[in-house]
Amino acid sequence: MKPFRKNVAIAVDGGGIRGILVTRALAMLEDHLGKELHEVTDLVAGTSTGSIISAGIAAGMNATQMHELYLTLGETIFRKSWRSRLWPLTRYRYPLEPLARALENQIGAGKVGDFWNREDPMDVVITAFDLLENRSRFIKPYKAEYRDWPIVTAVLASSSVPTFFPVVEGRYVDGGVGAYANPCYLAAYEILYCLKWNLDDTTLISLGTGRDPQGVLPGQPERFHAWDWIAPILGAFLHSADDQQVHLVETFFERLDFRRFQVNLRANIGMDDTSQAAELVRYGEEMGDMILNDRYDRALRILPELPPRG
């Protein structure tokens, strides 16, 4: 693995229980570095499950601790009940209280602004979508409108996937509802325009939570009914949006040491499918091996070079 530059930032995608694979990969990275990630980075950005991991890093947790929490708490947070079994007759499948309690136990009752005001300040970017104002919100510790937010509230807002969890405070849902399920572009923007780091001195690590198998369609497209289009269109939108963020970073932040890592799933794994925990651990070890050997995601460097003009 190439050494990191002076400044290091980490951005983590959304993906629910797939956070297992990211935390396993990060634990392998910490073992390699001989340091915990909160000692290495001064900027973390995350959406949904990525916001949980980012807040954990900023709060001083190591990756092994977070990985063990995902493994032990997954079935508590995504516990099957009458609500989940009756969905879609219910408004959502899982209550937020188990996740809120877990966050309070591990991260504490601090405010978002605490990350910035401490002796070793950490910049944190957490995404959420505001249904009342129909816009994405970028929750940061130095912004006046967010610094008094409880950290737990910010993470819950980012993680409240529609239909899976209830809306937070009557208005906030998963940040991936906007265009930022992959927050790497937000991290690059934060690096250059907010923190004003020199790109030549900066490494940005971007971690996906698994790319679903491609080309898997429910039958023959020419015979699709209206409802048959929902899954393939949604899948195409999500993956296209994720890869678009990668292209934006490599196009507009060329001097940045940008490293995007993603694994290709052999079968779909739902964001609440705790039965696949062991498989997700194996995917995490695959991603960890990619990180330690600089094997980047295929979405990087696929833009064709323009021919000379004239």
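These legends describe close-up views of a predicted model.

**View 1. Helix 2 and the glycine after it.**
Among the buried residues are Thr-49, Ile-52, Ile-53, Ile-57 and Ala-58. Gly-60 follows helix 2 and has a positive phi, near 95°.

**View 2. The surroundings of Gln-262.**
Gln-262 sits in the loop between strand 7 (257-261) and helix 10 (277-292). With a relative accessible area of 7%, Gln-262 is buried. Its side chain reaches two backbone nitrogens: that of Thr-209 at 3.4 Å, and that of Gly-210, which lies 2.7 Å from a polar atom of the Gln-262 side chain. Not counting residues up to four places away in sequence, Gln-262 touches several residues, including Gly-208, Arg-211, Met-287, Met-290 and Asp-297.

**View 3. A cis peptide bond and an arginine over two rings.**
Trp-87 and Pro-88 are joined by a cis peptide bond, with omega about 15°. Pro-88 belongs to the loop between helix 4 (82-86) and helix 5 (97-107). Arg-93 lies over the face of Trp-87, 3.7 Å from the ring centre. Arg-93 also lies over the face of Phe-164, at 3.9 Å from the ring centre.

**View 4. Two residues with positive phi.**
Asn-134 is not a glycine, yet its phi is positive, about 55°. The residue is placed in the loop between strand 3 (123-130) and strand 4 (135-139). Asn-134 is exposed, with a relative accessible area of 59%. Glu-169, also not a glycine, has a positive phi of about 55°. Glu-169 is found in the loop between helix 7 (151-159) and strand 5 (172-174). Its relative accessible area is 58%, so Glu-169 counts as exposed.

**View 5. Aromatic pairs.**
A pair of aromatic rings is described by the distance of the centres and the angle of the planes. In the whole structure, a search finds 10 aromatic pairs. Phe-78 and Phe-165 form a tilted pair, 5.8 Å from centre to centre and with 40° between the planes. Phe-78 is in the loop between helix 3 (63-77) and helix 4, and Phe-165 is in the loop between helix 7 and strand 5, so the pair ties together parts that are 87 residues apart in sequence. Phe-78 is buried at 7% relative accessibility, and Phe-165 is buried at 5%. The centres of the rings of Tyr-146 and Trp-149 are 5.3 Å apart and their planes are at 85°, so this pair is edge-to-face. Tyr-146 counts as buried, at 1% relative accessibility, and Trp-149 counts as buried at 14%. Ring pairs also link Phe-78, Tyr-94 and Phe-165 into a cluster.

**View 6. Leu-96 and its contacts.**
Leu-96 is in the loop between helix 4 and helix 5. Its relative accessible area is 10%, so Leu-96 is buried. Leu-96 and Leu-156 are 60 residues apart along the chain, and their C-alpha atoms are separated by 7.7 Å. Leaving aside neighbours within four places in sequence, Leu-96 is in contact with Leu-156, Ser-160, Phe-165, Pro-166 and Val-168.

**View 7. Salt bridges.**
Side chains of opposite charge can pair when their charged atoms come close. The whole structure has 21 salt bridges by the search made here. In one of them, Lys-2 pairs with Asp-257, and the closest N and O atoms are 3.9 Å apart. Lys-2 is in the segment before strand 1 (7-12) and Asp-257 is in strand 7, so the pair ties together parts that are 255 residues apart in sequence. Lys-2 is partly exposed, with a relative accessible area of 39%, whereas Asp-257 is buried at 8% relative accessibility. Glu-286 forms a salt bridge with Arg-266, with 4.0 Å between the closest N and O atoms. Glu-286 is in helix 10 and Arg-266 is in the loop between strand 7 and helix 10, 20 residues apart. Glu-286 is partly exposed at 31% relative accessibility, and Arg-266 is exposed at 58%.

**View 8. A salt-bridge network.**
Asp-130, Glu-133, Arg-135, Arg-137, Glu-145 and Arg-171 are linked in a network of salt bridges.

How values were computed:
Residues are numbered from 1 along each chain as its sequence is written. This is a predicted model: local features need pLDDT of at least 70, side-chain atom pairs count only at pLDDT 80 or more; totals for chains, interfaces and linings use all residues. Side-chain values use heavy atoms; hydrogens and water are left out. Buried means under 20% relative accessible area, exposed over 50%, partly exposed in between (1.4 Å probe, protein chains only). Helices (H or I, at least four residues) and strands (E, at least two) are DSSP runs, numbered from the N terminus. A polar contact is a pair of N or O atoms within 3.5 Å; within protein, one must be able to donate a hydrogen and the other to accept it, and residues adjacent in sequence count only if both atoms are side-chain atoms. Contact means heavy atoms within 4.5 Å. Rings of Phe, Tyr and Trp (its six-membered ring) pair if their centres lie within 6.5 Å; planes under 30 degrees apart count as stacked, over 60 as edge-to-face and the rest as tilted. A charge sits over a ring if NZ of Lys or CZ of Arg is within 6 Å of the ring centre and within 35 degrees of the ring normal. A salt bridge is a side-chain nitrogen of Lys or Arg within 4 Å of a carboxyl oxygen of Asp or Glu.
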